[in-house]
Amino acid sequence: MADHILDRASYLGIPLQGPARLPFRLDLTGLADAINASERRSLSLIRFIAMRMSRDLETPIDADAVRKLLTQFPWLLILDGLDEVPPSANRKEVLSAIEGFWDEVHSANADVLAVVTTRPQGYNHDLDPKMWQHWHLAPLPPEVAIQYAEKLGLARLADPERRKSILNDIAKACLDPATRLLTTSPLQVAILFGISFLKGNIPQDRWELFDKYYNLLRDREAQKPGETASFVRDNKRIIDAIHQDCGWLLQVEAESAGRTAAFLTETQFREIIEDLLLSEGYEKPRSEELAGEFARIATERLVLLATQVEGRLSFDVRSLQEYMAAAKLAGADQKLFDARLRAIAGSAHWRHVFRIAASKAFSVVELGHLRTTVVAVCDALDRGDIEEASSTVRAGAALALDLLADGVATSAPKFERQFAVRALEMLNAGSGGFDPRLADIASLGYEELLARVISAHVNSDNVHRAQVAWRLLSTIAQKHYWAEKLMLELLPADCQKRLNLVASVSPRFWPASLKAPLLEAQETIGPAGTSRFYQSIRIRDRDQDQDESIDEFVLMPELHRRSNFSHGGRIISCRWFCGVQSSITPYRPTDDVSKIVPDGLKCPPWSGLVVLRNFAIDATPYGLAKAIEQYSNIEKSGEIKWPMRNYLFPWVLSCLIADYHEGHSGSELAYRARNGGFGTNVDWDAAETRWRSDPIKPDDLLTWEEGLYLGSMIATKGVPIIGPVTGSRSNVSVDVSAFSDVLERMPSGEKLRRILWLMIASARRSTDSHAIERALELYFRYVPSVDAEPIHPGIFALHAASWNDARIVLLADAAGRKGSYPQASIDLEAMMAAFQVDPSKRGLIVVLAGNISHLRRVKRDLLHIPEEALQTIPGDEPAVCAAVAWLRILTLRWGVDDAEQIARDLSRHVAFCRIAIQFLRSEVPEKYSARMRLLHALAVEQLKSGGTLDPLLFEVLNADVGGYPTRLARLIHDGVFARLADVA
């Protein structure tokens with residue numbers, strides 16, 4: 001056996017090296033039922049494994065024994081069938097058990113390879129993508145499907161001629177557009193193989209596929225000799241009805257909490273058969289007598305219903321259960337068919353059933369009148385007639401796209417076009433609703449429809465809709481030239497809009513024809529806009545090695561690829577007397593800037609680049625003078641400015657540009673530079689050596705009191721503009737008196753603000769309460785207005801005792817009322833205490849809410865949020881209302897009736913709105929309907945403003961819509977079972 005497995009692995013190209021792992025395979029439906037049966041409705045995965053091993057080995061196994069296995073052997077753990085645990089059941093508890101298992105793995109220092117399987121329908125990244133790799137079973141290309149069929153043929157057929165005939169049938173099905181969609185998974189190929197093996201006829205749609213599969217199995221039994229075959233031939237309709245009733249009931253029950261591994265007891269199975277026979281007119285004794293024979297036929301001969309666990313009957317293949325449920329649904333009269341379709345239309349659990357039923361309506365001539373019902377259900381979903389929230393996520397459009405992908409209306413162009421029109425409504429849901437399958441509509445021959453819809457969206461004022469339509473057009477252009485031509489026609493005339501639109505799609509989808517219009521736009525918009533364009537496409541393609549292909553579409557790509565012109569590790573790291581560290585860019589660039597920036601660059605928006613190029617070529621006092629003259633002339637000419645300060649330029653040049661913007665004339669600065677007023681090359685080299693070796697002293701800052709950053713003594717005294725803080729020491733003693741001397745001699749202006757910034761950045765790392773108190777005195781001496789924006793957000797995190805200072809409270813209150821909440825490791829308890837002292841400082845609620853939201857892990861029971869922070873009052877600013885709404889959500893102080901008001905308040909502050917959505921995604925309040933009502937209300941508010949849904953909101957709301965329990969599931973909770981087959 002082992003040799004056979006190794007030989008097969010070698011044949012399939014599977015590596016034989018690796019740890020020998022102890023394999024475990026668990027059905028998650030079984031785990032869900034076990035959790036539901038436990039007293040506390042919780043069960044660890046370790047205990048569940050122990051329970052299963054005890055059952056299978058018929059000997060007691062406890063959790064400690066399993067833990068011992070975990071420590072001694074590498075594991076392969078297969079957790080199968082997450083999709084069969086619906087969101088409306090106890091999926092949350094199952095996911096908690098899976099996540100909790102990793103605590104056991106960590107404690108045991110174990111080696112575990114875990115795999116969780118699920119269908120994509122209804123799965124919304126329930127397992128954190130940061131912790132789990134997500135592998136998608138891609139649709140099998142025709143050639144791979146044929147290869148799989150060949151391997152299947154070798155395993156199942158010894159006759160080479162028969163095998164060749166079947167493989168030819170499957171190859172035709174794989175290449176035929178009418179049946180290609182039914183060969184995209186291994187299961188479908190296996191079923192086709194079986195159908196071809198038994199009958200040689202390949203179906204063309206989802207209904208015919210399963211119907212023929214079932215009928216072949218049943219007829220195969222009917223064609224055999226003997227009494228059993230005769231019984232099957234005489235009772236085909238009843239046998240069909242039994243399977244359909246069982247499929248329908250099991251599908252309904254599988255949606256209900258606690259019965260995810262749906263099954264029928266033997267008693268229930270016989271009751272279903274007996275009830276069916278009684279409805280057909282059989283007398284009670286005869287129905288009881290026949291029920292046993294029908295049960296035997298179903299479980300022993302057709303073997304669609306089987307007993308995997310003693311006393312429990314279920315379908316071995318979930319798709320066959322769904323096919324039977326669809327057959328029951330589509331067999332009802334039109335009124336009941338319509339009611340049932342509407343009941344299940346938005347449910348992810350029922351999606352496959354819906355698609356099979358719709359396929360039957362379009363493939364069976366006698367059911368042609370039901371086709372309009374299927375289309376009407378899609379429309380009703382998007383109107384919100386079935387479920388209000390389904391309209392905001394365009395659930396009807398998504399359903400129509402599923403039906404298009406199934407090819408249900410291939411032979412009915414009128415309905416196919418209606419599905420295409422409805423599917424394109426997904427563009428109105430924004431980027432969250434984009435589905436790459438929309439591009440397949442182009443292959444159906446609806447070029448004019450696509451062009452009209454896409455053009456309308458791209459030309460609209462709604463940026464998000466324009467971008468998602470552009471994404472669709474870019475996808476279509478990979479296969480259809482007309483779409484590439486349309487892309488060029490739809491490019492906005494406004495250069496910034498053009499770059500933003502194109503950058504919304506990965507460069508992998510850009511045709512070469514976009515190169516000229518993109519370069520033209522960058523030439524017009526200048527370096528700053530080009531840099532933003534370059535960085536946005538780099539971020540979009542950060543997982544791809546796209547440098548060379550991106551460079552073709554960007555002006556001077558090397559310029560934007562570097563954050564400064566000392567690339568190469570020569571950044572100077574400076575230590576300050578106050579405990580912080582900062583960086584300075586050396587004045588001699590290591591890059592050959594003349595090669596990055598071409599000579600003779602004259603386009604006005606790019607003129608400022610000449611300044612940098614010329615100074616890089618001549619980094620001397622004379623070159624510095626010429627550079628600042630050029631810079632000031634560019635400013636005076638009124639040409640479009642290039643915000644050079646966004647780059648980390650050589651420190652001598654940065655200082656002069658800053659002085660120019662602080663009021664000094666360019667000619668004055670150039671004169672001083674030529675005459676050595678800012679030092680020479682020898683001085684600059686000496687200064688850099690000094691900064692690398694010695695801490696910067698307070699006296700170095702005193703050189704700024706003359707109004708300039710640099711002086712002629714820079715070699716021995718002085719410092720340039722304070723660069724980005726790159727590191728710091730904690731718990732240091734800050735010499736605030738040194739700042740006092742410097743600040744007293746410093747004129748008001750930008751230089752004073754920079755020193756105050758440095759002082760607060762230093763003081764926030766100190767534990768000396770006296771130093772912190774002195775720092776606050778200095779700060780408010782030189783920044784008397786509490787309405788001003790705080791110079792450094794760290795002022796709110798100096799020390800818990802600082803919240804006793806009324807000036808800090810006023811400063812935070814002013815910032816919060818304006819909608820900002822500095823994130824600076826604030827002592828939340830101290831701030832809440834300050835708020836309770838004076839609840840009129842409503843801006844503190846914003847600062848509190850913003851900082852709570854960024855805690856690594858929120859523990860609601862430990863947050864003593866004041867009652868005044870959970871209620872709005874007349875006159876509250878929009879940001880305060882939004883903060884209150886977020887805190888109410890966080891503390892679960894809201895219900896269904898509050899949803900609309902909370903949504904209105906949240907929508908007044910983008911950051912709080914998104915934080916709340918993220919919270920609702922991971923933390924599910926007790927009442928499912930209240931959560932969905934709030935999400936829907938948020939969606940309505942976003943759409944009111946003329947926008948589209950935030951992608952995260954779409955994802956969360958779409959998951960809720962798909963996971964909301966149907967009326968059928970609720971009936972199970974009400975005790976309805978035996979005759980549920982007749983319930984709408």
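**View 1. Contacts across the whole chain.** Residues 24 or more positions apart account for 69% of the chain's contacts with a separation of 6 or more; contact means heavy atoms within 4.5 Å. The model is predicted: local features need pLDDT of at least 70, side-chain atom pairs count only at pLDDT 80 or more, and totals for chains, interfaces and linings use all residues. Numbering starts from 1 along each chain as its sequence is written, and side-chain values use heavy atoms, with hydrogens and water left out. Of the 984 residues, 52% count as buried (under 20% relative accessible area; exposed is over 50%, partly exposed in between; 1.4 Å probe, protein chains only). The secondary structure comes to 46 helices and 9 strands. These are DSSP runs, H or I of at least four residues for helices and E of at least two for strands, numbered from the N terminus.

**View 2. The largest nonpolar core and Trp470.** This core has 259 residues. A nonpolar core is a set of buried Ala, Val, Leu, Ile, Met, Phe, Trp, Tyr and Cys residues joined through side-chain atoms within 4.5 Å. Phe419, Trp470 and Trp803 have the most contacts inside the core. Beyond its neighbours within four places in sequence, Trp470 touches residues including Val458, Met487, Leu501 and Leu514. A second, separate core of 36 residues includes Ile35, Phe48, Ala114 and Tyr123.

**View 3. Helices α6 and α7.** Helix α6 spans residues 142–156, and helix α7 spans residues 160–175. Their axes come within 10 Å and cross at roughly 160 degrees. Axes are lines fitted to C-alpha atoms, for helices over the stretch in contact, and angles run from 0 to 180 degrees between N-to-C directions. The crossing angle therefore makes α6 roughly antiparallel to α7 (over 145 degrees). The crossing is right-handed: the near helix is turned clockwise from the far one by less than a right angle. Among the contact residues are Ile146 and Leu154 of α6, with Leu167 and Ile170 of α7.

**View 4. Helices α36 and α37.** Helix α36 (residues 750–763) packs against helix α37 (residues 769–782) at about 160 degrees, with axes 10 Å apart. That angle makes the pair roughly antiparallel. α36 passes α37 in a left-handed crossing, with the near helix turned anticlockwise. Leu752, Leu756, Met759, Ile760 and Ala763 of α36 meet Ile772, Ala775, Leu778, Tyr779 and Tyr782 of α37.

**View 5. Lys497 on helix α23.** Lys497 lies in α23, residues 495–503. Lys497 is exposed, at 55% relative accessible area. Between Lys497 and Ala521, 24 residues apart in sequence, the C-alpha to C-alpha distance is 9.4 Å.

Technical notes
Parallel < 35°, antiparallel > 145°, perpendicular 65-115°, else oblique.
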